[in-house]
Amino acid sequence: MTIYAQLGYTFLGLFLVLNWGMLMSATFRKIVARVAGRHGIPIYQPWIDLVKNAGVRTTLSHGTMFYLGPVFRLTGAVGMFLFMPALVGIGNEHWLNFSFQGDIILILYFQLFGMLGMALGAGEGGQPHSAIGIGRGLAQHAAVELPLTLGILSLAIQYQTLSLVDIANAQQGGILNWTLFTNPVASAAIMLAALGAFGHSPFNLVKAPNEIPIGPPTEYHGSYLGILMSSGAIIHVMEAALFMNLVFGGATSWIEFIIKTFLIYFYSIFVGVVFPRFRIEQSVVWFFKLPLVLGIIAILIYSF
Amino acid sequence: MKSLIERVSTKYNLQEVVQQRDNLVFAYVDKELAIDMVTYMRDYEGYAHFTLMSCVDWIEDGKFQLLYLLNNPETKTEFGIKVAIDRDNAVMQSAHHLWEQIWTYQRELKEAFGIDFPGSPRVDEDFVVEGWDDMPHMRRDFDTNKYAEETYFMREGRKSYDPATYMREKLYPKQPVTAKKNKDEQ
Amino acid sequence: MNELLKKAEANASTKEEKSFVRPEDEEREVIAPDGSIIKVNPIYDYFSGEKPSVEKPNKGVVEKFLNWARAESIWVLGFGTGCGSIEIPPLMTPRFDAFRFGVQMRPTPRQSNAFIISGYLSVKTLKRVIRSYEQMPSPKYVIALGSCTINGGMYYDSYSTINRLDKYMPVDVYIAGCMPRPEALLAGFVKLKEIIKSGKGEGANLYAENFDEYKANQKKVIKDWNMPDYNW
């Protein structure tokens with residue numbers, strides 16, 4: 001396959017993932033509304049918001065880093081997509097994107113990359129609420145990373161590879177081959193950390209609009225916010241895709257991809273609907289308790 | 001309560017003692033003795049809880065009447081100490097050393113009535129109305145309607161109706177007003 | 001005691017005219033570490049002193065499409081100014097559900113494009129309202145809720161509340177009543193949508209065109225003006 005064909009497939013996949021992410025967040029809000037007995041937003045509301053944000057006339061800048069913050073965030077989102085296989089299995093070689101041996105390390109880095117970029121950009125915005133949001137976000141992310149990384153290392157030892165494609169391919173051929181059943185302890189650590197990685201309630205203190213600071217994006221408006229919204233949509237799908245590839249056997253078709261990411265995303269939503277929001281010190285401590293212990297056990301099992 | 005009133009009134013020369021309820025007494029005291037008496041009530045009579053401090057503008061008498069309302073949590077009684085101060089020279093001794101929250105009241109009184117409390121912390125700062133440069137706005141000789149007309153933009157065509165007659169005219173235009181009235185009175 | 005009182009009176013009579021600029025914001029000279037003297041004026045050093053300019057709308061179909069998007073996605077600044085703000089939370093509840101109309105609440109002025117002035121507006125709040133309004137990016141819309149914003153309502157003779165909101169900022173929709181029910185607010189949103197879709201919601205440009213007039217009216221009532229003329 002030529003590099004151009006590869007690029008074409010990658011961009012097509014990115015387009016699909018972007019729209020699927022926006023549809024997913026709209027569906028989430030629609031479902032929450034229906035649970036509350038409301039009609040809720042029209043299902044196409046995220047696209048309208050995107051157009052409206054692009055049509056905002058005033059654009060203020062606080063400096064170069066302020067511009068680059070959303071760009072970094074988008075880079076992190078697209079980077080996660082580029083180096084993660086969208087579909088695996090026989091006959092899906094053109095949907096592997098640019099994944100390579102050791103791409104898990106890169107994807108873990110890209111998870112943090114957008115956040116750090118936002119931290120720099122929002123910091124230049126000079127809004128004190130942004131600084132509070134960044135402090136909270138990075139603290140929570142550090143707490144999430146630890147059990148997540150331990151779980152992923154356990155999988156790496158189990159499958160003797162750092163390639164996401166190999167891990168996903170190794171789980172093909174039946175539900176009982178999924179990591180969920182072959183390595184339940186590591187799966188539990190990863191899926192508990194996933195709650196924090198998605199950033200929904202109870203771990204949404206960082207950017208919940210009804211907290212006094214909306215968090216890092218306080219100062220972003222117009223097109224900046226549009227970029228942040230679209231990258232947020234991509235990140236939600238790609239986080240779900242990461243956990244799908246790690247724990248739930250990857251996807252061999254787009255239908256499977258959509259169903260699995262939807263279910264993984266809604267696992268975090270359902271937890272969020274049930275539990276109220278944690279304060280930041282509570283959430284950090286929470287990740288350092290059960291998920292961290294599970295992660296250590298998962299490592300120890302495969303160390304001997 | 002009675003023994004308390006007797007005890008205090010000889011000591012502080014109370015005037016116009018009114019026992020409103022079994023557990024509520026108001027009394028006037030001289031301006032010079034007021035803070036002394038508040039201190040005494042707090043330290044010796046158990047009125048340790050400061051409920052509120054307020055002011056009434058008796059423009060006809062040329063007086064401001066300050067009220068220190070104290071509460072005794074043990075006997076569950078309240079004692080209101082009233083002080084009349086001169087309206088033209090409105091200065092009162094500060095009591096912020098007794099309860100810290102008093103300086104907020106005093107700051108409010110300074111802004112609303114122009115009563116000065118020398119030595120009270122932050123008493124000259126704006127309290128509610130920012131940047132006020134006119135006569136203190138709670139004094140009764142301050143004409144708020146005139147001030148509003150001069151400062152803000154009145155919209156033309158503002159009318160006031162008596163709600164009862166207006167609704168009657170709107171809802172029952174054909175019915176004579178007198179007949180309706182009789183019906184109401186029955 | 002009497003001496004103390006006299007001293008206080010003497011102090012009061014010699015007191016200079018009040019300055020409302022905070023000490024750290026005052027125009028002054030400071031000595032830099034290398035010994036040179038620098039003039040600083042923090043209000044204009046930290047904030048932009050630029051005036052707003054008219055931002056012309058696009059032409060033809062593009063603007064119509066954008067206006068449709070703006071009308072279908074009204075982001076309201078969550079800033080309750082008066083008693084009418086109690087009518088806003090029910091809007092989001094199952095009974096009224098403003099989300100159906102594309103109305104959402106935003107916590108920051110930078111991300112919102114509609115401002116509900118809910119009820120009476122005291123001068124103290126007006127100052128904050130102006131700051132928030134000027135920070136909102138154009139195009140922006142103002143919904144005036146309740147009689148108090150129209151002619152002062154029951155507070156028409158109050159010394160601390162303004163009477164006519166449209167003298168201080170351009171208003172797109174008035175909702176009369178004391179208080180208007182949430183249904184009236186929903187009707188106001190529908191009206192606002194019509195205005196935006198017909199291309200008449202140019203309040204921000206109106207503000208920029210008549211900037212001096214609005215500023216003069218604002219400064220007439222806000223006597224402790226200690227901020228830049230336009231809060232970017």
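These legends walk through several close-up views of a predicted model.

Residues are numbered from 1 along each chain as its sequence is written, while chains are lettered from A and ligands numbered from 1 in the order in which they are written. In this predicted model, local features need pLDDT of at least 70, side-chain atom pairs count only at pLDDT 80 or more, and totals for chains, interfaces and linings use all residues; side-chain values use heavy atoms, with hydrogens and water left out.

**View 1. How the three chains meet.** Let us begin with who touches whom, where contact means heavy atoms within 4.5 Å. Two pairs of chains are in contact, and chains A and C share the most contacts of the two. Chain A and chain B are joined by no contact, and their closest C-alpha atoms lie 24 Å apart.

**View 2. The meeting of chain C and chain A.** Here 32 residues of chain C come together with 29 residues of chain A. About 2600 Å² is buried between these two chains, and carbon and sulfur atoms give 58% of that area. Buried area is the accessible area (1.4 Å probe) that two parts lose on being put together, summed over both. Look for C:Trp75, C:Arg110 and C:Gln111, which supply 21% of the area that chain C buries against chain A, more than any other three residues.

View 3. In one salt bridge, the side chain of A:Arg57 meets that of C:Glu63 at 2.9 Å, N to O. There are also 17 residue pairs in polar contact between chain C and chain A, both residues at pLDDT 80 or more. A polar contact is a pair of N or O atoms within 3.5 Å; within protein, one must be able to donate a hydrogen and the other to accept it, and residues adjacent in sequence count only if both atoms are side-chain atoms. On the side of chain C that touches chain A, helix H3 (60–72) and strand S4 (103–106) each supply at least two residues. H3(C) gives the most to this side, with seven residues. Helices (H or I, at least four residues) and strands (E, at least two) are DSSP runs, numbered from the N terminus.

**View 4. The meeting of chain B and chain C.** In this view, 28 residues of chain B are in contact with 33 residues of chain C. The two chains bury about 2700 Å² between them, with 52% of it on carbon and sulfur atoms. C:Lys223 and B:Asp133 meet through their side chains in a salt bridge of 3.4 Å, N to O. Helix H4 (residues 144–151) of chain B gives the most to the side of chain B that touches chain C, with six residues.

**View 5. Two helices crossing in chain A.** The axes of helix H1 (residues 3–35) and helix H10 (residues 254–274) of chain A come within 11 Å and cross at roughly 35 degrees. Axes are lines fitted to C-alpha atoms, for helices over the stretch in contact, and angles run from 0 to 180 degrees between N-to-C directions. Among the residues that meet are A:Trp20 and A:Phe28 in H1(A), and A:Phe262 and A:Tyr265 in H10(A).

View 6. Most residues other than glycine have a negative phi, and most peptide bonds are trans. The peptide bond from A:Ser201 to A:Pro202 is cis, with omega near 10 degrees, and A:Pro202 lies in the loop between helix H8 (184–198) and helix H9 (222–247) of chain A. In chain C, a cis peptide bond joins C:Ser138 and C:Pro139, with omega about 0 degrees. A:Gln160 has a positive phi, near 55 degrees, and is found in the loop between helix H5 (128–159) and helix H6 (164–170) of chain A.

Key: Salt bridge = Lys/Arg side-chain N within 4 Å of Asp/Glu carboxyl O.
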